[in-house]
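Here's a quick briefing to read alongside the model. Take a look at the structure first, then go through the points below.

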Amino acid sequence: MTHPKKPDVFVTRKLPAPVEARMQELFSVTLNRDDRPLSRDELADAMGRADVLVPTLTDRIDAELIEKAGPRLKLIASFSNGVDNVDVNAAAKKGITVTNTPNVLTEDTADMTMALVLAVPRRLAEGARFLSRAEPGEWQGWNPTWMLGRRIWGKRIGIVGMGRIGTAVGRRAKAFGLSVNYHNRGRISPETEAELEATYWDSLDQMLARVDIVSVNCPSTPATYHLISARRLQLMRPEAYIVNTSRGDVIDEEAMIRCLEEDRIAGAGLDVFENEPDINPRLLELAKNGKAVLLPHMGSATLESRVDMGDKVIINIRTYFDGHRPPNRVLPGRD
Ligand SMILES: NC(=O)C1=CN([C@@H]2O[C@H](COP(=O)(O)OP(=O)(O)OC[C@H]3O[C@@H](n4cnc5c(N)ncnc54)[C@H](O)[C@@H]3O)[C@@H](O)[C@H]2O)C=CC1
Ligand SMILES: O=CC(=O)O
């Protein structure tokens, strides 16, 4: 009996060890042992030879690279939830299927969002930084007027993008005593709206003007580029905070920095940036002054999420080569 040839799978970054081990059992796999980000030429070379490319969100797989891909490339099985880095329409035109890794990182990313929702108003990073740098005796003890932040309980959160992660943020926010508001392309189910006692705002402008904390949880698409624009940032209350764990370019970062510098909004908690991994030095300055808490894109960074994401990649590849539609296929032209 002949065995079908294992698909040639090219993985662009080092993945958790159990994921790489399983891939080696199942596929003819090329791994990136030293975890060096690949150049555009290296990506093009891989796409010229492999049956499957497994990129991560830091690999830009644009129309030009997809155009040049070899005839064997059938599947781009991204190790990420967001696929704004892959030109899904160009891939579809070339008959290449694209998949992602949703659901398994929802709760961890929502936890990190909630951590930022708490961290900025409650001055968590500032307090921790003070003690980690304090000389013995420098901390004089509890003080009625020192390190005062702003209360979370009883405030209003406005979630922009009420999908998997946005809804999970809503659940956490409700548990912390916040009232949940959301803006989304469409209304969520009446059951979930009732569970969260959530208020739907068809007008993003109106919601932004009324909430105390904005949490950005929609994907980066042509329609959401600078959705939180300079004009919309001006609508926010001066006491309001903004948290972004989606993608940097959903907010006009330059305009947000100006608002923070001029105290037109109270603070920002950011896991994502417009020009990752370059960070605007003015944001770093704002972080030193306690106006911003910055994280290096860590939303899904738990061992559990990353192993589960790898399992999803493997299931997508296996299902595709078994001749079925992979479970996490990303459809072209959705956004
Ligand atoms: N910081 C991190 O480490 C992580 C970031 N992410 C980011 O979070 C994003 C969201 O992930 P999920 O919740 O799983 O996606 P999802 O697809 O379940 O939810 C996105 C929601 O945004 C809404 N939306 C899309 N375009 C919109 C628009 N123009 N206006 C208003 N709403 C709009 C959709 O209707 C949907 O309800 C991902 O695309 C990714 O960019 C995801 C995982 C980890
Ligand atoms: O930002 C992370 C993702 O998987 O998307």
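**Ligand 2 and its surroundings**

Leu57, Ser80, Asn81, Gly82, Leu105, Arg247 and His297 surround ligand 2, each having a heavy atom within 4 Å of it. Bear in mind that this is a predicted model, where local features need pLDDT of at least 70, side-chain atom pairs count only at pLDDT 80 or more, and totals for chains, interfaces and linings use all residues. Residues are numbered from 1 along each chain as its sequence is written, chains are lettered from A and ligands numbered from 1 in the order written, and side-chain values use heavy atoms, with hydrogens and water left out.

**Polar contacts of ligand 2**
- Polar backbone atoms of Asn81 and Gly82 each sit 2.7 Å from an oxygen atom of the ligand (a polar contact is a pair of N or O atoms within 3.5 Å).
- On the side-chain side, an N or O atom of His297 is 2.7 Å from a ligand 2 oxygen.

**Helix packing**
- Helices H5 (residues 106-119) and H7 (residues 164-175) have axes that come within 8 Å and cross at roughly 55 degrees; helices here are DSSP runs of H or I with at least four residues, and strands are E runs of at least two.
- That angle makes H5 oblique to H7, oblique being whatever is left after under 35 degrees (roughly parallel), over 145 (roughly antiparallel) and 65 to 115 (roughly perpendicular).

- Glu276 and Pro277 are joined by a cis peptide bond, with omega about 0 degrees.
- Pro277 is in the loop between strand E11 (267-270) and helix H12 (281-288).
- His226 isn't a glycine, yet its phi is positive, about 55 degrees.

Key
Axes are lines fitted to C-alpha atoms, for helices over the stretch in contact, and angles run from 0 to 180 degrees between N-to-C directions. A polar contact is a pair of N or O atoms within 3.5 Å; within protein, one must be able to donate a hydrogen and the other to accept it, and residues adjacent in sequence count only if both atoms are side-chain atoms.
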